[in-house]
Amino acid sequence: MANASGFLTQSMRISSSFGLNPSGFCYPEVIPKRVRCSSTSQAIETESRLPRLVSKGCKLVGCGSAVPQLQISNDDLAKIVDTNDEWISARTGIRNRRILTGNESLTGLAAEASLKALEMAQVEPDDVDLILLCTSTPEDLFGGAPQIQKALGCKGNPLAFDITAACSGFVLGLVSASCYIRGGGFKNVLVIGADSLSRYVDWTDRGTCILFGDAAGAVLVQACDSEEDGLFGFDLHSDGDGNRHLNAGIKENESNHELGTNGSALGFPPNSSSFSCIKMNGTEVFRFAVSVVPQTIEASLAKAGLDRSDIDWLLLHQANKRIIDGVATRLEVPKDRVISNLANYGNTSAASIPLALDEAVRSGKVKQGETIATAGFGAGLTWGSAILRWG
Ligand code: ACO
């Protein structure tokens, strides 16, 4: 039986049913099928996905990250807006951030992070059957995930699409991966958090431009049997009413078309549009975060059948040190059990959780089998959490 989160609680974990094999899976033979790929005009081999029965578990088996080369310090920012290192450090905990420049691209960072995750997981790009790109800043309006699939050179045209939920994006991506694995029979799902909010920052607004940096992080989520299951519970929410506190809305450009009909009663063809810079009421977003994040983690723990004391690591979206400290205090998680790399990278939106996870895993801080409580929060407003096990 699944609980309301869709996950099995610890006490409710069940062995395989539906007459599945001992691993808990039932994967029928895939049938190779010839399809015509329009971009290549060549017949290529793909696998026809027959309906599969539900696998019972999923686990995090690899991670990777990538950041741009250019580092911008608080002192650098003090040269362009009325601010200083002391204010930024004390109010946010941020000292440096990385910014995309020159030939660098978000797609490139996301592909680099993904390759590192695949290498750690010892999974070939061809064996990835789903790519979820969690981003609010794709380099194509129609989504960036297929470009990552191309960059990774995955044969067999695995599904790749974007998830947009701002700084909550990666948690939503993880939960989505688990649902695709549990309910859809997918085996290797690459979940990428990648954002370049620097492209949407008003660099004259000292209230926001000090906060953000660019980065990408990725995790490979893999199907496994129920005993190895590593995603214990989740809790996800949104509140569109809070959008007024944090947004980057669409704006119609003022330039007229050559056709000259803009501004007429008909208003056609429409003016081209773009997005405005990030506008944020920091105080409101701060209050929102310290209020909802402890609640959502408590909810996920309850769904997982776990207690606060079961948390080995607290890994929150890296937005502000005071938010992270406040939540840790509320949940009574000791400081040395809190993962944070905010000082070096600022708020990297959907990338912040996988970036911090990757550093913690590669440095040996987070070890195989340890339990992580993670939570994202941000624009939308959106927020959510998941209790998971590394490895
Ligand atoms: N340097 C110096 N002074 C500044 C700066 C700056 N960079 N920015 C603001 N100030 C001033 C203000 O003008 C104000 O001055 P005043 O008292 O004379 O009016 C004073 O500092 C205090 O400003 P506040 O905005 O009240 O400062 P606060 O302590 O709230 O910190 C901050 C601002 C850091 C933005 C904080 O509110 C915050 O972190 N909020 C949460 C942001 C967040 O978590 N976002 C996550 C989601 S992001 C996403 O989803 C895309």
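Is Thr208 buried or exposed? In this predicted model, where residues are numbered from 1 along each chain as its sequence is written, local features need pLDDT of at least 70, side-chain atom pairs count only at pLDDT 80 or more, and totals for chains, interfaces and linings use all residues. Side-chain values use heavy atoms, with hydrogens and water left out. Thr208 has a relative accessible area of 1% and is therefore buried (under 20% relative accessible area, with a 1.4 Å probe and protein chains only; exposed is over 50%, partly exposed in between). Thr208 sits in the loop between β8 (188-196) and β9 (214-224); strands (E, at least two residues) and helices (H or I, at least four) are DSSP runs numbered from the N terminus. Not counting residues up to four places away in sequence, Thr208 touches Asp202, Ile278 and Met280, contact meaning heavy atoms within 4.5 Å.

Ile278 also belongs to the lining of the largest pocket, where Ile278, Leu197, Phe212, Leu246 and Ala379 lie nearest the centre among 43 residues. A pocket is an open set of points on a 1 Å grid over the protein atoms alone, where a 1.4 Å probe fits, with protein on both sides within 12 Å along at least five of seven lines; lining residues have an atom within 4 Å of a point. The volume of the largest pocket is about 1,100 Å³, taken as the space filled by probe spheres set on the points, which are joined across faces, edges and corners. Helix α6 gives the largest share of this lining, four residues.
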